[in-house]
Amino acid sequence: MTKFDEYINAVIDGSKSLAQSNFNDLINEAEQDTKAFIDTIKGDLIKWSGMLVDKKLSEQDFRDLVEAQKELLKIQALTRAGLTLTRCERFRSGLISLMIDKAFEIFPA
Amino acid sequence: MTNPKNNKVNFLISVIFLSIAACAPMIGPYSPTAYQNATSLKAETLALMDRATLPYPENEQRVQELMVKIDAAYEYVNGIPSNSISAQQWMLLKNPDGNLLGKFFLRWKEKGVLSPEYISEFKSLISKAYDEIICLEANKKNAADCNK
């Protein structure tokens with residue numbers, strides 16, 4: 001095995017654990033967040049419907065709150081997209097460090 | 001004399017390294033100012049919303065001053081390279097024609113005063129919107145679970 005092969009293998013091995021530590025829980029967390037948000041929406045809708053019946057909210061109030069919640073959902077989706085990118089960015093930074101460290105380790109000056 | 005094989009290895013390493021390093025960041029960096037703006041404006045916004053049981057004309061100046069601060073926070077975030085996701089969040093929150101702060105202040109202006117129930121429910125949504133912005137900013141620094 002050439003030194004270069006050794007280097008590439010070391011980077012690939014390192015990148016696997018790097019990917020695992022950065023992305024392992026991503027899908028799980030996204031599912032949990034989505035479920036929590038749906039539960040909140042359901043809870044709010046039940047509560048607001050009750051307030052509408054009790055005349056504590058007008059029809060316009062009710063509509064405003066539902067529309068505001070729709071907007072909040074967009075903000076939450078942006079957060080989710082941003083969190084995925086922060087993980088990608090951390091992975092990329094980690095990969096660059098790994099490549100430099102392994103190069104110094106395998107190709108000593 | 002330089003070994004041609006070594007040259008090839010060096011070239012390949014350089015290409016791989018540069019191809020990764022040269023890309024623009026995928027998301028803007030953590031900004032303590034953006035974080036501070038979001039947390040302090042959250043408190044200020046919620047406090048002002050509480051005043052919506054009082055006549056709007058008495059509070060119009062406060063509303064305008066708050067919106068100027070929120071506009072400044074948006075402009076700051078929007079000026080950070082690769083930060084469009086955070087900027088979009090602020091835009092949704094502050095949009096005068098939108099369904100969050102824009103709608104709340106519009107209703108207050110139209111009706112003069114708002115009911116405590118409406119204020120309380122709307123505040124909860126605005127609070128969550130700020131929490132989303134704060135969560136994303138915090139995660140740019142370190143991975144953090146915002147629900148804990």
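Predicted model: local features only at pLDDT ≥ 70, side-chain atom pairs only at ≥ 80, totals over all residues.

How many helices and how many strands does the secondary structure of chain A come to? I looked, and chain A has three helices and zero strands.

**Entry 1: chain A.** I read the elements from the N terminus on and got α-α-α. I then checked the radius of gyration: it is 24 Å for chain A, well over the 13 Å that the globule rule gives for 109 residues, so the chain is more spread out than a compact globule. The C-alpha trace of chain A spans about 80 × 20 × 15 Å along its principal axes. I also looked up burial, and buried residues come to 18% of the 109 residues in chain A. Next I took the contacts in chain A between residues at least 6 apart in sequence, and 86% of them join residues at least 24 apart.

**Entry 2: helix H6 of chain B.** I tested the length of this helix, residues 116–141. At 1.5 Å a residue its 26 residues should span 38 Å, and the end C-alpha atoms are 37 Å apart, which agrees. I listed the buried residues of H6(B), among them Tyr118(B), Ile119(B), Phe122(B), Ile133(B) and Leu136(B). Glu121(B), Glu132(B), Glu137(B), Asn139(B) and Lys140(B) are on that buried list too. What do the buried residues of H6(B) pack against? I found helix H2 (26–53) and helix H3 (59–106) of chain A, together with helix H2 (32–50), helix H4 (84–94) and helix H5 (101–111) of chain B.

**Entry 3: the core.** I went to the largest nonpolar core, which has 33 residues, and those with the most contacts inside it are Leu93(B) and Phe122(B). H3 of chain A and H2, H3 (56–78), H4, H5 and H6 of chain B each supply at least two residues of this core. In soluble globular proteins, nonpolar side chains tend to be buried together.

**Entry 4: Leu101(B).** I found this residue in helix H5 of chain B. Is Leu101(B) buried or exposed? Leu101(B) counts as buried because it has 25 C-beta neighbours inside 10 Å, where 20 or more are needed. Not counting residues up to four places away in sequence, Leu101(B) touches Leu93(B), Lys94(B) and Ile126(B).

Methods:
Residues numbered from 1 in each chain as written. Chains lettered and ligands numbered in written order. Helix = DSSP H or I, 4+ residues; strand = E, 2+ residues; numbered from the N terminus. Expected span 1.5 Å × (residues − 1). Buried ≥ 20, exposed ≤ 12 C-beta atoms within 10 Å, placed from the backbone. Contact = placed C-beta atoms within 7 Å. Rg over C-alpha atoms; globule rule 2.2 N^0.38 Å. Core = buried A, V, L, I, M, F, W, Y, C linked by C-beta atoms within 7 Å.
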